[in-house]
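Have a look at the sequence and model first.

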Amino acid sequence: MNDGEARLPAHVEISGLIRAVQAEGGFASVLSKGERDAGTILVICCENGRNGRLYERMPDLDGGRKWTLTKSEGFEKPLEFSEYWQRRAKSDPDCWVLELDIDNGERFVGITGTES
């Protein structure tokens, strides 16, 4: 999507993601609620509450915004991951944090295959 294209309101996109994940038998939950229409969305993809991967939309060279892996949950420091997204949500009150707990949750935001 480039800057000239219309953007879905954040709450509509969040609701759609939750319904899609639940329809596939997964669990989706809003961990932090942001600005209703124009809030930034962070998506945590995990399986059975483990192996979390945090994605957010970042500007690309074409002027669009694509989902980018920002942080992965590490086994050495398990609390570091949750502390990171909580800090982000606290520092940006417009920010939404959505957890998608389902195998290959990335597919719900249009990412094919998981990044390593």
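Which side chain does Lys 77 meet in a salt bridge? The partner is Glu 80, with 4.0 Å from N to O. A salt bridge here is a side-chain nitrogen of Lys or Arg within 4 Å of a carboxyl oxygen of Asp or Glu. Before going further, a word on the ground rules: this is a predicted model, where local features need pLDDT of at least 70 and side-chain atom pairs count only at pLDDT 80 or more, while totals for chains, interfaces and linings use all residues. Residues are numbered from 1 along each chain as its sequence is written, and side-chain values use heavy atoms, with hydrogens and water left out.

**Salt bridges**

The structure has seven salt bridges. Glu 80 turns up again with Lys 71, where the N to O figure is 2.8 Å. Glu 80 is partly exposed at 33% relative accessibility, and Lys 77 is exposed at 53%. The burial words have cut-offs: buried is under 20% relative accessible area, exposed is over 50%, and partly exposed lies in between (1.4 Å probe, protein chains only).

| Pair | N to O |
|---|---|
| Arg 57 and Glu 13 | 2.2 Å |
| Lys 71 and Glu 80 | 2.8 Å |
| Lys 77 and Glu 80 | 4.0 Å |

Now for Arg 57 and Glu 13, whose closest N and O atoms are 2.2 Å apart. This pair links distant parts of the chain: Arg 57 belongs to strand 3 (residues 50-59) and Glu 13 to helix 1 (residues 10-23), 44 residues apart. Helices (H or I, at least four residues) and strands (E, at least two) are DSSP runs, numbered from the N terminus. Arg 57 is buried, with a relative accessible area of 17%, and Glu 13 is buried too, at 14%.

There is also a network: salt bridges link Glu 47, Arg 53 and Glu 106. As a general point, side chains of opposite charge can pair when their charged atoms come close.

**Positive phi**

On to the backbone. Asn 51 is a residue other than glycine with a positive phi, near 60 degrees. Asn 51 sits in strand 3 and is partly exposed, with a relative accessible area of 41%.

Where does Asn 104 fall in the chain? Asn 104 is in the segment after strand 5 (96-101). Its phi is near 55 degrees, again a positive value in a residue other than glycine, and at 26% relative accessibility Asn 104 counts as partly exposed.
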